[in-house]
Amino acid sequence: MSPCTVISAHASILIERPVEPVFAFVVLDFFANYRRWSPEIEHLEVLDPGPIRLGSAARQVRVDHGRRTDTTFHVIALEPLQHLAFEELGKQRYRIRYAFEPVGGTADRALQAAPHTLLNFACELKPLGLLLRPFEPLIRAAIQEGAEQAVRRIKGLVE
């Protein structure tokens, strides 16, 4: 494996709710709800009060598989009803993206009464240091599992 391999994870899930309430839960109320779908978050401190916007930042303390990390991240992309992306400040070791796609609508009578949302989640980690490289397969599997759990938890909370 190349020493500059990015570790990425992707997960998608169909949520039986329109885009608006799903986007509101995940994005507009991100700082209030994040710990609900990501129980690894031990502490979350919002650094920029007010509504979430481009540049909004927060500090998080996570405990993943016994490993404690303290990072600060900020919003690098925010498009209403479409997507939200974060990146770690400073070292920029990770990026997270939530994307929302409407499914159904007037052309599909079966879904017209209850439009759905396809939630896509992506996580990218920069290449690991030399000491962690032997653990890359385990880290890759853990990140993929975390991505899948996150979208399942969001679905359960929103529906």
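The legends below describe close-up views of a predicted model.

Residues are numbered from 1 along each chain as its sequence is written. Because the model is predicted, local features need pLDDT of at least 70 and side-chain atom pairs count only at pLDDT 80 or more, whereas totals for chains, interfaces and linings use all residues, and side-chain values use heavy atoms, with hydrogens and water left out.

**View 1. Overall arrangement of the chain.**
The chain contains four helices and seven strands, where helices (H or I, at least four residues) and strands (E, at least two) are DSSP runs numbered from the N terminus. Read from the N terminus, the order of elements is β-α-α-β-β-β-β-β-α-β-α. Of the 159 residues, 38% count as buried; this term denotes under 20% relative accessible area, with exposed meaning over 50% and partly exposed in between (1.4 Å probe, protein chains only). Among contacts in the chain with a separation of 6 or more, 52% come from residues 24 or more positions apart, a contact being heavy atoms within 4.5 Å.

**View 2. The seven-stranded open sheet.**
The strands follow the order E1-E7-E6-E5-E4-E3-E2, with antiparallel pairing; two strands pair if DSSP finds at least two bridges between them. Strand E1 (7-15) and strand E2 (41-46) stand at the edges with a single partner strand each, so one side of each has no neighbour in the sheet. From one strand to the next, the twist averages 20°. Axes are lines fitted to C-alpha atoms, for helices over the stretch in contact, and angles run from 0 to 180 degrees between N-to-C directions.

Antiparallel strands E2 and E3 are joined by five bridges, and Glu45 stands opposite Arg59 in E3. Arg59 in turn stands opposite Thr72 in E4, and eight bridges join the antiparallel strands E3 and E4. Two residues lie between the strands in the hairpin of E3 and E4, where His65 takes a positive phi near 50°. The antiparallel pair E4 and E5 has six bridges, with Leu78 opposite Leu84 in E5. In the hairpin of E4 and E5, three residues lie between the strands and Leu81 takes a positive phi near 65°.

**View 3. Gly66 in the loop between E3 and E4.**
Gly66 is placed in the loop between E3 and E4. Is Gly66 buried or exposed? Gly66 counts as exposed because its relative accessibility is 71%. Gly66 and Glu40 are 26 residues apart along the chain, and their C-alpha atoms are separated by 9.8 Å.

**View 4. Arg62 and its side-chain partners.**
Arg62 belongs to strand E3 (residues 57-64) and is buried, with a relative accessible area of 18%. Its side chain makes a polar contact of 3.3 Å with that of Tyr34 and another of 3.5 Å with that of Glu40. A polar contact is a pair of N or O atoms within 3.5 Å; within protein, one must be able to donate a hydrogen and the other to accept it, and residues adjacent in sequence count only if both atoms are side-chain atoms. Setting aside neighbours within four places in sequence, the residues in contact with Arg62 are Tyr34, Ser38, Glu40, Ile41, Glu42, Arg67, Arg68 and Thr69.

**View 5. The crossing of helices H1 and H2.**
The axes of helix H1 (residues 19-28) and helix H2 (residues 30-37) come within 6 Å and cross at roughly 90°. H1 is therefore roughly perpendicular to H2; angles of 65 to 115 degrees count as roughly perpendicular, those under 35 as roughly parallel, those over 145 as roughly antiparallel and the rest as oblique. Phe25, Val26, Val27 and Leu28 in H1 meet Phe30, Asn33, Arg36 and Trp37 in H2. By class, this contact has six nonpolar, one polar and one charged residues (Ala, Val, Leu, Ile, Met, Phe, Trp, Tyr, Cys and Pro count as nonpolar, Asp, Glu, Lys and Arg as charged, and the others, Gly among them, as polar).

**View 6. Helices H1 and H2 across the sheet, with Phe30.**
H1 lies across E1, strand E4 (67-79), strand E5 (83-88), strand E6 (94-103) and strand E7 (116-125), running at about 165° to E6. H2 lies across E2, E3, E4, E5 and E6, and runs at about 175° to E2. Within H2 is Phe30, which is buried with a relative accessible area of 1%. Not counting residues up to four places away in sequence, Phe30 touches Phe25, Trp37, Ile52, Phe73, Leu84, Phe86 and Tyr98. Phe30 and Pro51 are 21 residues apart in sequence and 9.5 Å apart in space, C-alpha to C-alpha.
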